[in-house]
Amino acid sequence: MAIIDRKSLIPMYHQLAQILKEQIDSGIIHPGDKLPSESEMIAQYGIGRLTVRQALAQLAKDDYIEKIQGKGTYCKHPAHKTNAINIDVLLDMSDTYFIPYYVKSISEALSNNNANFIISDTKDSDAEICSLIDKIADRGSSGVILQPSHGLECDHATIHNAFNQLRNAGIPYVMIDSLYDNIDSSYLVLDEKMGGAIACDYLSGLNHKRIAIIYVGKYKDSMLRVNGFVEQMKSRGQDNLKNIRMVERDDTLEDNIAKLMANDKRPTAFFCYNDETALRCLKKLKALNINVPDQVSVLGFDDSLIATNSAPALTTIAHPKGLMGKSAVDGLFDLINHKTNGPYIKVFDPVLIIRDSCKKI
């Protein structure tokens, strides 16, 4: 029996609606069948009445059911299914940092397009992504929105074979947030290297020369941001690189920050590859009684909720999280409706958001 995952980032009402849709689509529930009552669903799935009603409202909106006054809720004849649009959304659901933005924007945009959709967890694994694609290619889909894995390394041959299956099945797809190299595909990404260059220009403009960069070497977005920063600093003169300190974000990060700040030539600024890392930096500096931004500046990346809720509020580089999700749906529907023949490609420019964590010296 399908269950509701209370720990999932997908709203419970949407999970229930998806369960009932799958039962209707698979023939478990037939046209004309009466659905279980609200009380029966509450007991069966262990959820509240409001959740059940929200799910039923979604099913009614999608033309799956109808409520007959005084009799109950019934499955409608699936005439709408002849032109049904069924979208698969593959996301790393463990990524609580960005996924809430993607889930909300993608699900809203798909609902506005009267599309049925299933969200699957990639587990940030190329093997899992290939397995999911194999199943989708086998059963069919109107289109796929896919978040690639975060790692720098992947099995290119296996990845290529997986996407060839989608192409051979005639299933359009778009990648979101990142892309697999050397695959002719549609994608929506942030210009990560430009974001690193903007960070470099901003800190340099505040007269910072001794800068520590906190990064994760195995993540593609991290290294693109770092490379953009370093290349921009290098363009300002080779000598500038001598004052850059590279710090890996791992279990020893806090100890390494303490060592850096104990040095006579300690950094006057930190560039952190994302806001989550910047928050760890802020907490350690506070524990060392080092004031931000009076004694050292901290610059984040992504403009997440962390940036506005930290103390001080983080200056950061904005990532268009919500807009990227909506645009992915727009791009996929352009492909589905043959409004574009070639790949749908959209590269977003990063934007500097100035708050309180950086200061001119």
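**Close-up views of a predicted model**

View 1. Helix 4 (residues 99-112) has 14 residues and spans 20 Å from its first C-alpha to its last, close to the 20 Å expected at 1.5 Å a residue, where the expected span is 1.5 Å times one less than the number of residues. The structure is a predicted model, in which local features need pLDDT of at least 70 and side-chain atom pairs count only at pLDDT 80 or more, while totals for chains, interfaces and linings use all residues. Residues are numbered from 1 along each chain as its sequence is written, and side-chain values use heavy atoms, with hydrogens and water left out. Helices (H or I, at least four residues) and strands (E, at least two) are DSSP runs, numbered from the N terminus. The buried residues of helix 4 are Ile99, Tyr102, Val103, Ser105, Ile106, Ser107, Ala109, Leu110 and Ser111; buried means under 20% relative accessible area, exposed over 50%, and partly exposed in between, with a 1.4 Å probe and protein chains only. These buried residues pack against helix 3 (49-61), strand 3 (86-91), strand 4 (116-121), strand 5 (143-146), strand 6 (173-176) and helix 12 (321-336), contact being taken as heavy atoms within 4.5 Å. Asn114, which follows helix 4, has a positive phi, near 55°.

View 2. Six strands in the order 4-3-5-6-7-13 form an open sheet with parallel pairing, two strands being paired if DSSP finds at least two bridges between them. Strand 4 and strand 13 (345-348) are the edge strands, and each pairs on one side only. Neighbouring strands of this sheet are turned by 15° against each other on average, direction ignored; axes are lines fitted to C-alpha atoms, for helices over the stretch in contact, and angles run from 0 to 180 degrees between N-to-C directions. Helix 4 packs on this sheet, where it touches strand 3, strand 4, strand 5 and strand 6, and its direction makes about 175° with that of strand 3. Helix 12 lies across strand 3, strand 5, strand 6, strand 7 and strand 13, and runs at about 165° to strand 6.

**View 3. Strand 6, strand 7 and the loop between them.** Three bridges join strand 6 to strand 7 (residues 186-190) in the parallel sense, and Ile176 stands opposite Leu188 in strand 7. The loop between these two strands holds Ser185, which counts as buried because its relative accessibility is 4%. With residues up to four places away in sequence not counted, Ser185 touches Tyr173, Met175, Pro343 and Ile345.

View 4. An open sheet of four strands, paired in parallel, has the order 9-8-10-11. Its edge strands, each pairing on one side only, are strand 9 (244-248) and strand 11 (297-299), and the twist averages 20° from one strand to the next. Helix 7 (residues 192-205) packs on the sheet and touches strand 8, strand 10 (269-272) and strand 11, its direction making about 170° with that of strand 10. Helix 9 (residues 253-262) lies across strand 8, strand 9 and strand 10, at about 160° to strand 9. Strand 8 (residues 211-215) runs parallel to strand 9, to which five bridges join it, and pairs with strand 10, also in the parallel sense, over four bridges. Ile214 has Val247 as its bridge partner in strand 9 and Cys272 as its bridge partner in strand 10. In a regular strand the side chains alternate between the two faces of the sheet. Both faces of strand 8 are covered, with Ile211, Ile213 and Tyr215 buried on one side and Ala212 and Ile214 buried on the other.

View 5. Elsewhere, ring pairs link Tyr97, Phe98 and Tyr102 into a cluster. The charged end of Lys321 sits over the ring of Tyr101, 5.0 Å from its centre, the criterion being NZ of Lys or CZ of Arg within 6 Å of the ring centre and within 35 degrees of the ring normal. The charged end of Lys346 likewise sits over the ring of Phe348, 5.3 Å from its centre.

Methods: Rings of Phe, Tyr and Trp (its six-membered ring) pair if their centres lie within 6.5 Å; planes under 30 degrees apart count as stacked, over 60 as edge-to-face and the rest as tilted.
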